[in-house]
Amino acid sequence: MSRIGKKPIPMPAGVKYKVEGNTVTVEGPKGKVTALVAEGITLETKDGHLLVNRQDDKFAAFHGLTRALVFNAVQGVTAGWKRELDIVGIGYRAELKGKNMVVFTLGYSHPIEFPLPTGIEVAIDPKQTHLTVSGIDRQKVGQVAADMRSLRKPDPYKNKGVRYSDEKLKKKAGKTGAK
């Protein structure tokens with residue numbers, strides 16, 4: 001039996017869900033998120049909790065996955081998701097241009113304009129080296145943060161680049177000079 005699939009999902013007040021075919025729409029105070037429900041998996045509410053059940057053991061592979069997707073949707077519409085990035089390097093920075101454009105200066109010959117998809121917000125601290133990507137869709141928040149990181153990946157030799165705030169870098173030694 002799936003350990004994750006068995007865990008009940010607490011349903012906070014003000015959160016509603018509706019199953020239509022193979023998708024579930026979760027609606028809460030922050031907005032609406034849809035998640036996929038695999039075939040053979042059913043959702044039921046029992047004393048303030050949402051239970052994810054499977055019909056048969058042949059659907060075991062999707063039991064935990066479906067529960068995790070629905071939990072992420074419920075968490076997104078109540079608390080939201082966020083990912084934090086740090087920009088390390090002399091002259092490296094980011095700034096907001098308008099409401100949905102982030103402009104990065106990362107040591108290239110040109111600034112990089114990064115358009116934000118709908119439903120994603122970015123907050124930049126006054127030093128312009130710390131970004132917080134937030135939204136209600138966990139997958140979209142993680143993808144935008146990964147795309148921003150890929151603009152200038154952290155360099156293990158100089159420790160420069162865009163990295164996640166919780167990411168630990170191992171500094172490598174460079175070449176030793178001729179003796």
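Modeller: Which residues does Thr25 touch, not counting residues up to four places away in sequence? The contacts are Lys16, Tyr17, Lys18, Lys32, Val33 and Thr34. Keep in mind that this is a predicted model. Thr25 sits in strand E3, residues 23-28. Its relative accessible area is 15%, so Thr25 counts as buried, the limit being under 20%.

Helix H3 takes in residues 138-149.

Which residues of H3 are buried? They are Val141, Val144, Ala145, Met148 and Arg149. These residues cover an arc of only 140 degrees around the axis, so they lie on the same side of H3. What do they pack against? The partners are strands E7 (81-88), E9 (101-105), E10 (112-115), E11 (120-124), E12 (130-135) and E13 (161-164).

Look also at the start of H3. There, a side-chain oxygen of Asp137 comes to within 3.3 Å of the backbone nitrogen of Gln139.

Take Met148, one of the buried residues of H3. Set aside its neighbours within four places in sequence. Met148 then contacts Leu85, Val102, Phe104, Phe114, Leu116, Val122, Leu131, Val133 and Val162.

Next, the core. The largest nonpolar core has 21 residues. Within this core, Val102, Phe104, Leu131 and Met148 touch the most other members. At least two residues of the core come from each of E7, E9, E10, E11, E12, H3 and E13. H3 gives the most, with four residues. A second, separate core holds 18 residues, among them Val24, Val26, Val52 and Ala73.

E7 and E12 run antiparallel and are joined by six bridges.

The hairpin of E11 and E12 has five residues between its strands. Gln128 is in this loop. Its phi is positive, near 65 degrees, although the residue is not glycine. At a relative accessible area of 23%, Gln128 is partly exposed.

With 23% relative accessibility, Asn159 counts as partly exposed.

Back to the strands, at E9. Met101 belongs to that strand. Leave aside its neighbours within four places in sequence, and Met101 contacts Glu95, Leu96, Glu113, Phe114 and Pro115. Take Phe114 from that list. Met101 and Phe114 are 13 residues apart in sequence, yet their C-alpha atoms are 5.7 Å apart in space.

Now helix H2, residues 60-78. Its 19 residues should span 27 Å at 1.5 Å a residue. The C-alpha atoms at its ends are 28 Å apart, so H2 agrees with expectation too. Which of its residues are buried? They are His63, Gly64, Thr66, Arg67, Val70, Asn72, Ala73, Val74, Gly76 and Val77. Gly80 follows H2, and its phi is positive, near 85 degrees.

Last, an open sheet of three strands. Its order is E1-E6-E5, and the pairing is antiparallel. Strands E1 (9-10) and E5 (41-46) form the edges, since each pairs on one side only. E1 joins E6, residues 49-54, through two antiparallel bridges. In one of them, Ile9 has Leu50 of E6 as its partner.

For your own viewing, begin with H3. Colour its buried residues, including Val141 and Met148. Then show the strands they pack against, among them E9 and E12.

Key: Residues numbered from 1 in each chain as written. Predicted model: local features only at pLDDT ≥ 70, side-chain atom pairs only at ≥ 80, totals over all residues. Heavy atoms only, no water. Expected span 1.5 Å × (residues − 1). Buried < 20%, exposed > 50% of the residue type's maximum accessible area, 1.4 Å probe, protein only. Arc of directions from axis to C-beta. Contact = heavy atoms within 4.5 Å. Polar contact = N/O pair within 3.5 Å; in protein donor to acceptor, adjacent residues only side chain to side chain. Core = buried A, V, L, I, M, F, W, Y, C linked by side-chain atoms within 4.5 Å. Pairing = 2+ DSSP bridges.
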